[in-house]
Amino acid sequence: MCGIVAYIGNKPAQSLLLEGLKRLEYRGYDSAGMAILSDRLHITRAVGRVAMLEEAVARNPLAGTVGMAHTRWATHGDVSERNAHPHRDDKHGIALIHNGTIENYAPLKTYLQEKGHRFASDTDTEVLAMLVSELYDGDLETAVQSALREIRGAYAIAVICEKEANTLVVARKGSPLIVGIGDKEFVVASDGSAIVAHTTQVFELDDYQVCKLTRDDFRTSTLDNVPVTPKIRQLEMELEQIELGSFETFMMKEIFEQPEALRTTMRGRIDEHAGQVVLGGVGSYARDLVRARQIVLTGQGTAYHAAMIGQYLIEDLAKIPAKVEYASEFRYRNPIIVEGTVLIAVSQSGETADTLAALREAKERGALTMGAVNVVGSSIARETDAGVYLRVGPEIGVASTKAFTGQVMVLSLISLFLARRRFMSVDACEVMLEELSRVPDMIEKALAENDHIKRVTEKYCRNENWLFLGRGYNYPVALEGALKLKEISYIHAEGMPAAEIKHGPIALINDGMPAVFIANKGPQYDKVMLNIEQVKARGGRVIAVATEGDQNIKRHADDVFYIPDISDALSPLLTVVPLQLLACHAAKLRGHDVDKPRNLAKSVTVE
Ligand code: M6R
């Protein structure tokens with residue numbers, strides 16, 4: 001979704017803001033803009049990539065050491081220069097950028113029009129800019145606080161004013177915003193990637209908080225002007241983690257980072273001597289967790305697929321009733337939260353609006369809440385009672401890859417943590433933990449098939465319809481494989497349980513239609529073979545993900561991607577890898593920008 005970067009200090013703001021915007025490009029956007037304060041307010045906006053804005057400001061450079069910039073993902077109003085941020089008023093020279101949506105913008109707009117304000121865009125953001133202007137009485141911080149008391153919705157905003165050249169005001173509710181503290185300078189951004197090059201000392205604003213920044217100082221307060229002291233922390237991010245290095249795309253880089261990322265996920269969490277899992281983030285809630293009567297897992301997109309695997313693992317290993325639900329459904333459906341319910345919110349960003357709302361709903365209804373989250377200090381991480389960070393490092397590619405395996409790894413650890421404290425013997429747990437610890441090496445072997453996977457993808461990538469089929473633990477992987485392919489290559493792909501095709505989808509199969517089967521050696525292997533034959537009999541082309549050494553599969557499938565031998569319960573950590581590579585190659589071969597798929601945003605902070 002929209003990206004915000006703002007600066008106050010002594011360096012020229014223009015280049016610093018452009019560099020920040022480039023770091024935020026991965027979030028997804030359709031236009032960009034910048035405001036710089038010098039003797040007066042200068043605004044430049046452009047439709048399309050940050051490069052277009054860069055060209056525009058190069059033609060007309062903006063001098064000044066206070067400013068802000070924005071990438072817009074359209075919600076209210078079409079993609080056009082006049083709807084791009086910053087929005088401004090003419091009376092006081094106030095400019096504002098915004099990430100989020102303002103629900104009551106319509107009545108506020110009517111009110112402001114009656115007061116004589118003229119609007120130049122169709123956005124909800126311009127309404128907020130005008131409201132700040134309407135309430136401005138010589139103090140920007142007060143005007144922002146007053147305006148925010150009047151609005152409903154979600155926001156992260158930055159505001160500057162021609163009349164207060166040494167002030168930047170920022171605020172948040174529901175959308176992320178981080179303040180980086182430098183030496184007589186501050187960099188504020190939607191996420192740490194736009195800050196890390198300048199400082200690693202940061203703090204997050206909480207909901208309904210406003211921060212006034214000058215070059216020398218900052219002051220954080222509530223909307224009612226009660227001062228609050230933010231918690232300053234170290235940003236856990238290295239510059240090289242957010243740079244491409246020798247890779248062509250972030251998605252490919254992140255697929256290849258998975259072995260190392262998962263080693264980090266596991267580090268210090270497996271006690272081999274005691275044959276058990278150690279989870280520091282669970283803290284004093286361990287007892288409640290072990291005694292849970294029901295576990296609900298929730299998330300969206302890829303995180304939802306990981307949550308599905310979590311459901312299977314928890315029931316299978318820990319023997320606790322578990323269910324999984326889209327957060328967007330859970331939050332509105334009046335769900336039953338019995339006593340002893342634990343909700344696990346699964347999310348890479350920790351900012352997904354629906355997942356955050358589902359978590360709040362469950363909390364309200366008395367559930368103990370846990371997070372399986374990647375971004376440290378994110379909203380979900382902060383609002384859950386307990387949590388286990390994924391620790392896979394920043395994920396820049398819009399198509400989630402290492403976060404998925406990180407989520408499955410964390411859910412495997414949680415399941416074994418519970419299982420061992422309930423019914424699983426030390427020996428059985430030791431066997432699984434030993435296997436888990438070998439997963440990174442096994443992923444390395446799966447990645448070694450990359451060239452072969454690329455050649456196979458070349459054969460099929462012009463087909464417009466694909467099926468992804470799996471059973472048991474690998475049914476969610478089929479869903480994930482289909483999602484990966486469709487979101488970056490724009491190929492229509494459907495994932496489903498392999499047995500389901502007979503109930504309708506088999507009608508789709510025509511000559512040459514690719515069907516990807518996850519056919520690892522597991523309890524349902526023979527059943528999967530039957531389903532493969534059903535597809536072959538109707539002219540479908542079968543690509544199988546199979547276990548190393550399985551020669552039989554070659555008699556059934558047209559092409560095979562091998563993965564190392566692993567138990568069925570842990571197999572999703574491997575079977576997904578060839579599907580990630582296939583999707584990445586298909587998108588590239590079809591000429592698409594793998595890291596910036598059309599219409600998509602990395603972190604979905606609106607409903
Ligand atoms: O940040 P989250 O994990 O909460 O995001 C959830 C989904 O929006 C996300 O997984 C999305 O489906 C990815 N683009 C899939 O690759």
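Student: So how do helix H4 and helix H5 pack, and how far apart are their axes?
Tutor: Helix H4 (residues 124–135) and helix H5 (residues 140–150) pack at an angle of about 125 degrees, and their axes are 8 Å apart. That makes H4 oblique to H5. Angles under 35 degrees count as roughly parallel, over 145 as roughly antiparallel, 65 to 115 as roughly perpendicular, and the rest as oblique. The axes are lines fitted to C-alpha atoms, for helices over the stretch in contact, with angles running from 0 to 180 degrees between N-to-C directions. Helices here (H or I, at least four residues) and strands (E, at least two) are DSSP runs, numbered from the N terminus.

Student: Which residues make that contact?
Tutor: On the H4 side they are Leu 128, Leu 131, Val 132 and Leu 135. H5 brings Leu 140, Ala 143, Val 144, Ser 146, Ala 147, Leu 148 and Glu 150. Contact means heavy atoms within 4.5 Å.

Student: Before we go on, what should I know about where this comes from?
Tutor: This is a predicted model, where local features need pLDDT of at least 70 and side-chain atom pairs count only at pLDDT 80 or more, while totals for chains, interfaces and linings use all residues. Residues are numbered from 1 along each chain as its sequence is written, and side-chain values use heavy atoms, with hydrogens and water left out.

Student: Good. How is the chain divided into domains?
Tutor: There are domain 1 (3–240), domain 2 (244–437) and domain 3 (445–593), with bounds from an automatic or database domain assignment. The C-alpha centres of domain 1 and domain 2 lie 33 Å apart. Their contact takes twelve residues from domain 1 and twelve residues from domain 2.

Student: How many residues are in the largest nonpolar core?
Tutor: It has 97 residues, and those with the most contacts inside it are Ile 295, Ile 344, Leu 436, Trp 466 and Phe 468. Helix H13 (residues 402–421) gives the largest share, twelve residues. At least three residues come from each of domain 2 and domain 3. A nonpolar core is a set of buried Ala, Val, Leu, Ile, Met, Phe, Trp, Tyr and Cys residues joined through side-chain atoms within 4.5 Å. Buried means under 20% relative accessible area, exposed over 50%, and partly exposed in between (1.4 Å probe, protein chains only).

Student: What does Ile 344 touch?
Tutor: Not counting residues up to four places away in sequence, Ile 344 touches Ile 295, Val 296, Leu 297, Thr 298, Ile 314, Met 370, Ala 372, Leu 411 and Ile 414. A second, separate core of 31 residues includes Leu 16, Tyr 29, Val 196 and Ile 396.

Student: Back to H13. How does helix H9 pack with H13?
Tutor: Helix H9 (residues 301–318) and H13 pack at an angle of about 20 degrees, with axes 9 Å apart. They are therefore roughly parallel to each other.

Student: And Thr 405, is that buried or exposed?
Tutor: Thr 405 is buried, with a relative accessible area of 0%, and lies in helix H13. Leaving aside neighbours within four places in sequence, Thr 405 is in contact with Gln 258, Leu 262, Leu 573 and Val 576.

Student: New topic: backbone. Which peptide bond is cis?
Tutor: The one from His 85 to Pro 86, with omega near 0 degrees. Pro 86 is found in the loop between strand S4 (66–72) and strand S5 (87–88). Most residues other than glycine have a negative phi, and most peptide bonds are trans.

Student: What about phi of Tyr 208 and Asn 225?
Tutor: Both are positive: phi is near 65 degrees for Tyr 208 and near 70 degrees for Asn 225. Tyr 208 sits in the loop between strand S11 (201–204) and strand S12 (209–213), and is partly exposed at 44% relative accessible area. Asn 225 is in the loop between strand S13 (218–222) and strand S14 (233–234), and counts as partly exposed at 37%.
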